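Colleague: I am new to reading models of proteins, and I would like to go through one with you, feature by feature.

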Amino acid sequence: MDGQKFCLKWDGFQSSVTSLFDHLRQDEELVDITLCCEGQKNNPCQQMVFFLKDTSAADLLAIIEFMYKGSVNVAQSQLASFIKTAEMLQIRGLSGDDDKVGYGERQTISGTRDAT
């Protein structure tokens with residue numbers, strides 16, 4: 001009998017996965033739907049199309065970046081519409097219903113000012 005167990009952990013796992021998700025998004029890999037919103041209605045693909053009413057292209061792009069990277073920089077002038085869109089789409093970590101979702105961890109929104 002082998003009673004001793006070893007826990008092997010890759011310290012760079014989370015940053016590696018986050019980087020991989022970002023590359024997949026940039027390369028438009030594993031894309032199975034098209035999202036259309038105000039100002040952006042191009043559909044070069046043959047997949048399912050979702051039209052998002054009252055959603056700006058800037059907010060949708062920022063939401064997608066948040067979902068792939070876990071963070072996003074949003075201008076103060078865009079923040080209200082961004083949060084409204086996130087709540088409409090029930091984006092975990094931004095929608096306020098995070099406690100109901102589970103997964104054992106709660107994400108928070110923190111404000112920082114970008115120097116650029």
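Colleague: At roughly what angle do the axes of helix α1 and α2 cross?

Modeller: An axis is a line fitted to C-alpha atoms, for helices over the stretch in contact, and angles run from 0 to 180 degrees between N-to-C directions. Here the axes of α1 (residues 13-26) and α2 come within 8 Å and cross at roughly 145°. Please keep in mind that this is a predicted model, in which local features need pLDDT of at least 70 and side-chain atom pairs count only at pLDDT 80 or more, while totals for chains, interfaces and linings use all residues. Residues are numbered from 1 along each chain as its sequence is written, and side-chain values use heavy atoms, with hydrogens and water left out.

Colleague: Which residues in α1 meet which residues in α2?

Modeller: Contact means heavy atoms within 4.5 Å, and on the α1 side Thr18, Phe21, Asp22 and Arg25 meet Ile64, Glu65, Tyr68 and Lys69 of α2. By class, this contact has three nonpolar, one polar and four charged residues, where Ala, Val, Leu, Ile, Met, Phe, Trp, Tyr, Cys and Pro count as nonpolar, Asp, Glu, Lys and Arg as charged, and the others, Gly among them, as polar.

Colleague: How many helices and strands are there in the chain?

Modeller: Helices (H or I, at least four residues) and strands (E, at least two) are DSSP runs, numbered from the N terminus. The chain has four helices and two strands, and from the N terminus on its elements run α-β-β-α-α-α.

Colleague: Which residues make up the largest nonpolar core?

Modeller: Such a core is a set of buried Ala, Val, Leu, Ile, Met, Phe, Trp, Tyr and Cys residues joined through side-chain atoms within 4.5 Å; buried means under 20% relative accessible area, exposed over 50%, and partly exposed in between (1.4 Å probe, protein chains only). In this model the largest core has seven residues, namely Ala62, Ile63, Phe66, Phe82, Ala86, Ile91 and Leu94. The elements that give two or more residues to this core are α2 (57-69) and α3 (76-88), and the largest share, three residues, comes from α2. Of the 116 residues of the chain, 19% count as buried.

Colleague: Where is Phe50 placed, and with which residues is Phe50 in contact?

Modeller: Phe50 is in strand β2 (residues 48-56), and beyond its neighbours within four places in sequence it is in contact with Ile33, Thr34, Leu35 and Cys36. Phe50 and Leu35 are 15 residues apart in sequence, yet their C-alpha atoms are 5.0 Å apart in space. Phe50 counts as partly exposed because its relative accessibility is 37%. Asp54 also lies in strand β2, and its phi is near 60°, a positive value in a residue other than glycine. Asp54 counts as exposed because its relative accessibility is 55%.

Colleague: In which helix is confidence lowest?

Modeller: The pLDDT is the predictor's confidence in each residue, from 0 to 100. Confidence in the chain is lowest in α4 (residues 98-101), at a mean of 49, and highest in α3, at 92. The mean over the chain is 76, and 72% of its residues reach 70 or more, whereas over residues 101-109 pLDDT stays under 50. Where pLDDT is low, the predicted coordinates should not be read in detail.
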